[in-house]
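Hello,

Here is the structure you will be working with. Please open it and keep it in view while you read the notes.

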Amino acid sequence: MSGQSVDHGQMGQTWPIAEPDLLSVIKARLDHAAATGKLDQMNRQFAEKVKARVMRPVPVSGISPAEETRSWEFDPSIRIDKDIRDHKGNPIAVAGQRVNPLAAAGLSKKLLFVDGDDPAEVEWAIKHGGDARAKIIFVDGSPFELMKAHQRRFYFDQDGRLTSYFGIRRTPALVEQRGDVLIVTEQAIARKGRGA
């Protein structure tokens, strides 16, 4: 069998494409939305949603108040998968080597994880260190509102990355360096209406 093409002629009736061009439809809808003011309204609503999300990020899921104090050691060491070399080819680390980042640069500040909507937790964190000694990291609440009230920086654990990394499930929690490991403590504290 040879691979030649054959013209079979017209096999049936054909019609022109009846659907409008998708880009034309989108442009027409945008033009209509701009003319009626709906586009401006949509842009304002979008900007308000973004601002609200920045001012009050999505709470970290799975975190609850500490009812008992517990502590554990956290070793931040990593095992190198492949050789790492500098720009001249000199070895920096070899495959299989364990590297502890605390040996090169220690933890410069304590990390305090709190529910920013719980005044008892915020007060506990502020008592544990000023801006120069501690980073207060919210798992819920608005860091911006409290920055104004307390005249200090507050941070937020976006997507729960830090709490997941350290295994934190309760707040308030403290992470501090002790030698070549970190000590993580979930701290039970006195709260309004109940003892701890």
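This is a predicted model: local features need pLDDT of at least 70, side-chain atom pairs count only at pLDDT 80 or more; totals for chains, interfaces and linings use all residues.

The mean pLDDT of the chain is 84, and 96% of the residues score at least 70. Confidence is highest in strand β10 (residues 170-171), at 94, and lowest in helix α2 (residues 38-55), where the mean is 75.

Next, look at strand β12 (residues 181-186). The rest of the structure largely encloses β12, because 6 of its 6 residues are buried. In a regular strand, side chains alternate between the two faces of the sheet. In β12, Val 181, Ile 183 and Thr 185 point one way, while Leu 182, Val 184 and Glu 186 point the other way, and all are buried.

β12 has pairings with two strands that you can trace. Strand β2 (residues 70-74) pairs with β12 in the antiparallel sense over 5 bridges; there, Phe 74 has Leu 182 as its bridge partner in β12. Strand β11 (residues 173-178) also runs antiparallel to β12, joined to it by 6 bridges, and Leu 174 has Thr 185 as its bridge partner in β12. The hairpin of β11 and β12 has 2 residues between the strands, and Gly 179 takes a positive phi near 70 degrees in it.

Last, the surface. Leu 22, Leu 23, Ile 26 and Leu 30 make a nonpolar patch of about 420 Å². Leu 22 lies in helix α1 (residues 22-36). Is Leu 22 buried or exposed? Its relative accessibility is 61%, so Leu 22 counts as exposed, the cut-off being over 50%.

Regards

Terms used
Residues are numbered from 1 along each chain as its sequence is written. Side-chain values use heavy atoms; hydrogens and water are left out. Patches are made of residues with over 30% relative accessible area and no salt bridge: like charges are joined within 9 Å, nonpolar side chains (Val, Leu, Ile, Met, Phe, Trp, Tyr) within 5 Å. Accessible areas come from the Shrake-Rupley method with a 1.4 Å probe; for residues, only the protein chains shown count as cover. A salt bridge is a side-chain nitrogen of Lys or Arg within 4 Å of a carboxyl oxygen of Asp or Glu. Helices (H or I, at least four residues) and strands (E, at least two) are DSSP runs, numbered from the N terminus. Buried means under 20% relative accessible area, exposed over 50%, partly exposed in between (1.4 Å probe, protein chains only). pLDDT is the predictor's confidence in each residue, from 0 to 100. Two strands pair if DSSP finds at least two bridges between them.
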